[in-house]
Amino acid sequence: MLDSALFDRHIRRMRFLLAALSSVALLSMGALEAQAQAPAQAQAPAFNPQVAEVERYFNGIRTMQARFVQSNPNGTVVQGTLSVSRPGRMRFEYDPPSQLKIVADGSQVTMWDIANRDFGQWPIGWTAASFLVREPLVLQGGDLTVEKVERADGMLQLTMSQTRKPNEGKVIVRVNENPMVLRGWTIIDNRGQRVDVSLNGLQTGLPLAASLFKFDGPDAGAIRRGVNPN
């Protein structure tokens, strides 16, 4: 499932990102149903106050916006703007010359890139940075398992995997401790390839228009023909 091809084109890098992030999908209904059907005698994980603090931080956010820098497995670096409106909505808009955009509207994610004639849609559980928009975010006893918590230089780093599929990739979330601020995350696929995302200038509580989280490109056929609406 995970694309390990050479990332000689920008869109291939992005497909890898989406596929890698799908390995740590947090909103999969199938995973939630399986969790609900798990045996009642399963032992609850030990309570970790640091993890609980991170949960409270994310669950207290309604909107956020930040600049991001994304480092891909082949060494290329791209930048853009991330916007989030919890629950379920986010937008990755990449800086020119890229024409790539990724938008989650609460139920599905649409990715389009007119320059590369690419268009795709996925259920939201397959998508980038789902931990940002899950409501509520549950990091103890949920569909994620926090495997490791590290603290260094005022930073907390949580390494997480899917509870039922721990070998299908990991996400490492980085937050400043005091005050708590999200600084970025790393996705590692089951072959060890990494996508690193760092955030700068994060702001929360901003009024973000609902239109920001809707597909606003041409139809799929036009995109695949390379039609540029501009």
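Modeller: Phe-119 is buried, with a relative accessible area of 16%. Buried means under 20% relative accessible area, exposed over 50% and partly exposed in between, using a 1.4 Å probe and protein chains only. The model is predicted, so local features need pLDDT of at least 70 and side-chain atom pairs pLDDT 80 or more, while totals for chains, interfaces and linings use all residues. Residues are numbered from 1 along each chain as its sequence is written, and side-chain values use heavy atoms, without hydrogens or water.

Now the partner. Phe-215 is partly exposed, at 32% relative accessibility. Phe-119 and Phe-215 form an edge-to-face aromatic pair, 5.6 Å centre to centre with 70° between the planes. Rings of Phe, Tyr and Trp (its six-membered ring) pair if their centres lie within 6.5 Å; planes under 30 degrees apart are stacked, over 60 edge-to-face, the rest tilted. Phe-119 sits in strand β6 (residues 118-123), 96 residues from Phe-215. Strands (E, at least two residues) and helices (H or I, at least four) are DSSP runs, numbered from the N terminus.

The structure holds seven aromatic pairs. In another, the rings of Trp-112 and Phe-215 have centres 4.7 Å apart and planes at 90°, so this pair is edge-to-face. Trp-112 lies in strand β5 (residues 108-113), and Phe-215 in the loop between β11 (194-204) and α4 (220-224). Trp-112 is buried, at 2% relative accessible area.
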